[in-house]
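Please look over the sequence and the fold before reading on.

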Amino acid sequence: MNRTPLPEWLANSLIDTLSSQQPAAPGEIHTTARAQVIEWGLPTLRDEEWRWTNLRALTRPLPTSDVTAPPETIGVTDSMPQVLRIRFNGGKLVELPKELPDGMTITPLQDADHAQRRAAFAPLAQSPNDALLALNTATAAEGLVIDIAANVAITPPIVLEFLDAPSETAAQTRILVRCGPHSRATLIETATSTDGVTSWRNSVLVAELAVSSQLNHLSLGLDGDARLLTDRSFVTLARDARYRSINIQLGGQLVRREIDVNITDTGAHCDLFGLMMPRAKQVLDTHTRLTHGAAHTTSDERYQIIADEAGRGIFKGRILVAQDAQKIEAYQSSRNLLLSDSAEIDTKPELEIYADDVKCSHGATIGRLDDEALYYLKSRGISSENARKLLITGFAQEIVDQLPTPELVEWVGQIIARRLERQQAE
Amino acid sequence: MSKEHMTEQHEIETLMQREYKYGFTTDIEQDIIPPGLNEDVIRLISAKKNEPEFLLEWRLKAYRHWLTMTPPTWAQVHYPPIDYQALSYYAAPKTAAELAEIEASKPKSLDEVDPKLLETYEKLGIPLHERAILAGVAQPSNVAVDAVFDSVSVTTTFKAKLAEAGVIFCSFSEAVHNHPDLIKKYLGTVVPAGDNYYAALNSAVFSDGSFVFVPKGVRCPMELSTYFRINAKNTGQFERTLIVAEEGAHVSYLEGCTAPQRDENQLHAAVVELVALDDATIKYSTVQNWYPGDEEGKGGIYNFVTKRGDARGARSKITWTQVEAGSAITWKYPSCILRGDDSVGEFYSVAVSNNYQQVDSGTKMIHLGKRTRSTIVSKSISAGHSQNAYRGLVHIAKSADDARNYTQCDALLIGDRNGAHTFPYIEAKNTTAQIEHEATTSKISDDQIFYLQSRGISEENATNMIVNGFCKEVFNELPMEFAVEAQALLAVSLEGSVG
C-alpha cells in the first residue's frame, strides 16, 4: 500500500486518547479500527483516492496557538432563531436544544445503547483502506444519535455547529441520524473557526433514511483559513426515500469531504449539489460515491468549483450502478471556473455501470469567465471588477439557489458577496 | 420471458460460442531461453542480439529499477499475480536467429523464408507477398510490412522504395546495428526506462520491434505496417517500437495483431515511442485482435502496453487511432505530450469486449505548449461478462496558454452482465484553458431497433447499422486498409449479440 506510517505525534495522541477516555465504538469494531490505524498510517499522493490531496499538514504536530477562547459564533444560529441548535467545541458536546419537538430524540453517544452505537460505527466494514475513518472509529468518544420518529416532520432545521477550536489533536465526532418512515427533516452542519488558528476535525456522520423519509443535509463551511477538516458522510436510502445534500465550502486550509450514498431500494432519489470556492492557498476537496443498488432509482449531481488566487479545488464523483439495477437515471455534472493561473482545478467524474438499461451521463468543463459576457457588461457601463463579480456570483448562485429556505439562500449569498468584495478590496 | 427475448438470449449464446478465428499454432523449431528472469538472462538476450555496450547497460539499469517497483493496482482489472520467473523472455524462430547473427545471410527473396512462416501470414491475410500484390491476387496496396514473428523481425518489404525517399524502416535490432546514433539519441526519451512497471520490464528484456525514421521534409511514400503475433507457449512478448519524424516529415504507421489460441495467459508488455519534431505528423493506427480467452474466461493475452507520443516540435501532430477487440486484459493508454507550441494530439478509439474480457484503456493528453489542442473520442462496446473502462487524463500545465481539449466518451452496453466505466481525470492549471468532457452510457434503444425493423431491416442488420454508426467517428480516422478490416472485425465480434 502507498502509505506513510502513522506520524509519531498522531500515534502518541492516539495512545493518550485511548488511555484517558472510553471509546464509543463497540468492542470488536474498536479493536479492528485500532489495528487498521496502525497498519494503514496516512494515505499519500500515490494512493489513487488521494492523488490530488496532500495530507502533509498532518504529518507533524499541529501548530499551537495562544488563542484559547472559542471562536465567535456567526450566522445561522443568530439570524435564524427557529433552529434546534447542537454545539460541539473542539469535539466536545457543549450545547443541546432546550426543547425538542415531538417525535425527535437526541442521545449523546456516551448514553447510547449497544444497538445505537453499533449502527453509528457500522460503516467501517464497508469502507476498506480508509485510514481516517479508522482513526475516527478508534478514537471518537463524543457524538450523538438523532432519532426522528415515523410520520413526523421536523420543521425547524437541526443545526450541528462545530466550533473548531484549537486543539492539540483532532476533534473526532460521530453522529448518527435515523429518519423514521415518512418523516422529514433538515440538518445543517456548519463550522466556525478563528482565522490563523489551526484546528483539525475528523468527523463522521451516518444517516439512515427509512421508507419514504426525506432528509435535507446541508454542509456549510463558510470561513476559516487554517481549519483542517476531514469529514465523511455515509447515507443509506430505503424505498422511496429522498436525500438532498448541499455542500458549500468557502474556507479552510484543507477540507476533504467524502459523501457516500447507497440507494438500496426502488423509487429513491438523491440530489448531490456542491459549490467550492478555494482561494489563497486553500485546498477544498469533495469526493462523492453514489451507488444505485436497486432498480428504478434516480439521482442528480451538480458540483461547481470557482478557484481563485492559489486555491485548489478538487472534485471526484463516482456513480456506480449495480448489476440488475435497471431503469436508472443518473445525471452528473462538474462545471468549473479557473480564475487565476496559480489556481488549480482537478476533477474526475466517474461512471461505473454494471446494468444495461440505464440512462447515465456526465459532463465536465473547466474554463474562465466568458470574455464576451464581460465585454457586454462593460459596454453597459459596468466596471471590470463589478462585471467579474456579477458573473462569478451568477455562477455560484446556481448551487446556492438549491438551499431549502429563502433565508438560507440570502444568508449564504451575502457571505459569498462579502467575500468577493473583500477579495476585490485586497 | 417474451419470445423475442428468448431469441435474443439464443443469439447471444451462439455468439458466445463463436471460436477464435485465428487460433492456430505454427509448428516450427524455436530458439527459447529457459523461463526465468535475472541479469544473466538480460546479458544473454543482449549477447544473442550482438548489442552494443550502451544498450546492455540501459537494459540492466531498467531491470534494477524494475526490481524496486510494484505492479500498478489502480486499474479496473482483476487477474492473479503474474509469476515473472515462470515466463521465457526470448523466443526466436530458428531461421531468424541465424539471420540475426549473420546479416548477410538474410533471405534474398521470399522463397528462402521458412514456408511455414509464410503460411501463417497467409492465414492471417497479411499482404506480405509482393508477388501476390504484383499479380493483382491480393488487393493492390501501398503498404510496407515489417512482420514480427514472436520476437524477431523476419523480413521487410518495400525497402528499396523507402530507401529512395530516405525513410529508414527496419527491425529494432537492425537499427541498433546500422543506426546506433539515432537509437542512442531517441531511445527512452519519450518513455523512460523506469516509467512504469511494465515499461521498465520491457526496457530490460525487449526482444525486437520496429524502427522508423523519416528525415526532414519527407512525406513517407506509403503506409508502414507491422503485424505482431505471439506464438510460442509461455513467452512474454516485449516489443519496442520507435518512430521519429523530423521537421516537416509525415508518416502513417499501422499496427495489427492476431495471436494463436493458447490456454495459458500470455503477457505482452510493449513500448511504443513516437517523436515528432517541428511541423511533423505521425499517425499511429492499431487494430488489436489478440486471443481474448474462451467463453469461460480461460486463457487469453494480458496486454499491458505503454504507448506515448512526444509532439516535441511546434505545430507537430500525433494521432492515435485504435480498434481494440482482443486480449483477455487490456491496460493501455496511448498518450500525447504536447510540448511544442500549437501542437495537436488526437485519440480515436473503439474498444469492444466480450465474454470475460477486461479493458482499462484510454489516453493521456499532457498540454505543455501554448495553443495546444487535443481531441479524444472514445467508444466502448461491452457484451457478455466483460468489463470495459475508459480512463483518461487531460492535464493543462501552467505554461499551456489557450490550450483546448474536447473529450467524448460513449459506452454501449449489450446484455446485462457486463460493465461500462468512465474514469476521466481532468487537471487544469491555466485560466485560459478550455476543457470539455462528456460521457454517456446506454444500450441500443428498443425504439431505434423497432424503427429500423418497421422499415424491413432485420434485427441483426439494424443492430449492426446502429453499432457501426456509433463507431463511425473513429472508423473515419482509420487509413483505408484498416477501416475495412476494423468494420469486419466489429461485425464478427458482435455477430448476433443484440436482439
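What percentage of the 426 residues in chain A do buried residues make up? Buried residues make up 52% of them, where a residue is buried if 20 or more other C-beta atoms lie within 10 Å of its own, exposed if 12 or fewer, and partly exposed in between, with C-beta atoms placed from the backbone.

## Basis of the report

This is a predicted model, in which local features need pLDDT of at least 70, side-chain atom pairs count only at pLDDT 80 or more, and totals for chains, interfaces and linings use all residues. Residues are numbered from 1 along each chain as its sequence is written, while chains are lettered from A and ligands numbered from 1 in the order in which they are written.

## Overall form of chain A

Chain A contains eight helices and 21 strands; helices (H or I, at least four residues) and strands (E, at least two) are DSSP runs, numbered from the N terminus. The radius of gyration of chain A is 21 Å, close to the 22 Å that the globule rule gives for 426 residues, so the chain is as compact as a globular protein of that length. That radius is taken over C-alpha atoms, and the rule is 2.2 Å times the number of residues to the power 0.38.

Along the principal axes, the C-alpha atoms of chain A fill a box of roughly 65 × 55 × 50 Å. Among contacts in chain A between residues at least 6 apart in sequence, 83% join residues at least 24 apart; two residues are in contact if their C-beta atoms, placed from the backbone, lie within 7 Å.

## Domains of chain A

Chain A is assigned domain 1 (3-265) and domain 2 (370-426), with bounds that come from an automatic or database domain assignment. Their centres, taken over C-alpha atoms, are separated by 31 Å.

Between the two, 11 residues of domain 1 are in contact with 10 residues of domain 2. On the domain 1 side, strand 11 (214-221) and strand 13 (242-249) each supply at least two residues, and strand 11 gives the most, with three. This side divides into seven nonpolar, four polar and no charged residues. Here Ala, Val, Leu, Ile, Met, Phe, Trp, Tyr, Cys and Pro count as nonpolar, Asp, Glu, Lys and Arg as charged, and the others, Gly among them, as polar.

## The buried interior

Nine of the nine residues of helix 5 (residues 131-139) of chain A are buried, so this helix is largely enclosed by the rest of the structure. Its cover includes helix 1 (8-20), helix 2 (27-40) and strand 8 (173-179) of chain A.

The largest nonpolar core has 231 residues, and those with the most contacts inside it are A:Leu237, A:Val321, B:Val212, B:Ala245 and B:Val251. Such a core is a set of buried Ala, Val, Leu, Ile, Met, Phe, Trp, Tyr and Cys residues joined through C-beta atoms within 7 Å. Leaving out residues up to four places away in sequence, B:Val251 touches several residues, including B:Val212, B:Cys220 and B:Ile282.

## Where the chains meet

Across the interface, 31 residues of chain A are in contact with 30 residues of chain B. Strand 20 (344-353) and strand 21 (358-367) of chain A each supply at least two residues of the chain A side, which divides into 12 nonpolar, seven polar and 12 charged residues.

Strand 20 of chain A also pairs with strand 23 (residues 419-428) of chain B, in the antiparallel sense and over six bridges; strands pair if DSSP finds at least two bridges between them. Within this pairing, A:Thr347 has B:Ile426 as its bridge partner.
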